[in-house]
Amino acid sequence: MYSSVNSPYALRVRELAQRPGEMREVSLDIAVPSTLGAGLIAVREGDQMHLDVKLEGLHEGVLVSGHARAEATGECSRCLIDISEPVEVEFAELFAYAASEEFDYQVHDDHVDCEPVVRDAVVLSLPFTPVCRPDCPGLDPVTGERLADVGERPAPSATDPRWAALGGIQFDSNDSNEHQNPGGHHAADQTTADEERAPADQAE
């Protein structure tokens, strides 16, 4: 059976229990036992985390407050390259001596397990859509290349769909000649008519 005492986040508070006003500060470095976060960026299992914790004895329980520092890794939501960014969060929670609907956490076996408190603080601080830089241009929609590497390219001009049907029309050469001669006669017919009129003009 799992015991919170075995958690690397667990801290002993026996000397503070039932002693209001007592206070103790603890600093520790731990290897994160399970990944914090489930999105594009997270503090991964096995990563190092530094904790500065203050434990204060109160009438109802032990107040746990402190600061957590780690490095989150993942990928940019725009261009998909690997990224990392520091995570620093503050946390505070009261661990009650006895079970109560007023408090979410309890002291168990003279220990407080800070893991759920730290986990909530870290996960809520992680960006939902992380980026490698605020102005990341993302990927080229056609080639899939990273625009930050190749530079932004002008977008192809869009063809008006109303004119798209005309792009496939081809005119026959005979049709073109008819347009040049409104009477519908070809050039050869016009030449024959001119030759027939020439003798008549000479006879006059």
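The following exercises concern a predicted model.

**Exercise 1. Cysteines**

Determine how many disulfides the model contains, and explain the result for Cys76.

*Solution.* 
Step 1. A disulfide is a covalent bond between the sulfur atoms of two cysteines.
Step 2. The cut-off to apply is a sulfur pair within 2.5 Å.
Step 3. For Cys76, the closest cysteine sulfur belongs to Cys79 and lies 3.7 Å away, so the two are too far apart for a bond.
Step 4. Cys79 is likewise in no disulfide, its nearest cysteine sulfur being that of Cys76.
Step 5. The count is therefore 0 disulfides under the 2.5 Å rule.
Step 6. As to accessibility, Cys76 is buried at a relative accessible area of 0%, and Cys79 is buried at 5%.

**Exercise 2. The surroundings of His67**

Locate His67, decide whether it is buried or exposed, and identify its side-chain polar contacts.

*Solution.* 
Step 1. His67 belongs to strand E5, which covers residues 61–75.
Step 2. Its relative accessibility is 17%; buried means under 20%, so His67 counts as buried.
Step 3. The side chain of His67 forms a polar contact of 3.1 Å with the side chain of Glu88, and another of 2.8 Å with that of Glu90.
Step 4. When neighbours within four places in sequence are set aside, the residues in contact with His67 include His50, Leu51 and Asp52, as well as Val89 and Phe91.

**Exercise 3. Lys54 and its contacts**

State which strand holds Lys54, and describe its separation from Val64 in sequence and in space.

*Solution.* 
Step 1. Lys54 lies in strand E4, residues 48–57.
Step 2. With a relative accessible area of 30%, Lys54 is partly exposed.
Step 3. Lys54 and Val64 are 10 residues apart in sequence, while their C-alpha atoms are 5.9 Å apart.
Step 4. Beyond its neighbours within four places in sequence, Lys54 contacts Met23, Arg24 and Glu25, together with Leu63, Val64 and Ser65.

**Exercise 4. Positive phi angles**

Describe the phi angle, location and accessibility of Leu80 and of Asp109.

*Solution.* 
Step 1. Most residues other than glycine have a negative phi.
Step 2. Leu80, although not a glycine, has a positive phi of about 70°.
Step 3. Leu80 is in the loop between E5 and strand E6 (82–96), and is partly exposed at 47% relative accessibility.
Step 4. Asp109, also not a glycine, has a positive phi of about 50°.
Step 5. Asp109 sits in the loop between strand E7 (105–106) and strand E8 (111–113); its relative accessible area of 58% makes it exposed.

Technical notes. Residues numbered from 1 in each chain as written. Predicted model: local features only at pLDDT ≥ 70, side-chain atom pairs only at ≥ 80, totals over all residues. Heavy atoms only, no water. Buried < 20%, exposed > 50% of the residue type's maximum accessible area, 1.4 Å probe, protein only. Helix = DSSP H or I, 4+ residues; strand = E, 2+ residues; numbered from the N terminus. Polar contact = N/O pair within 3.5 Å; in protein donor to acceptor, adjacent residues only side chain to side chain. Contact = heavy atoms within 4.5 Å.
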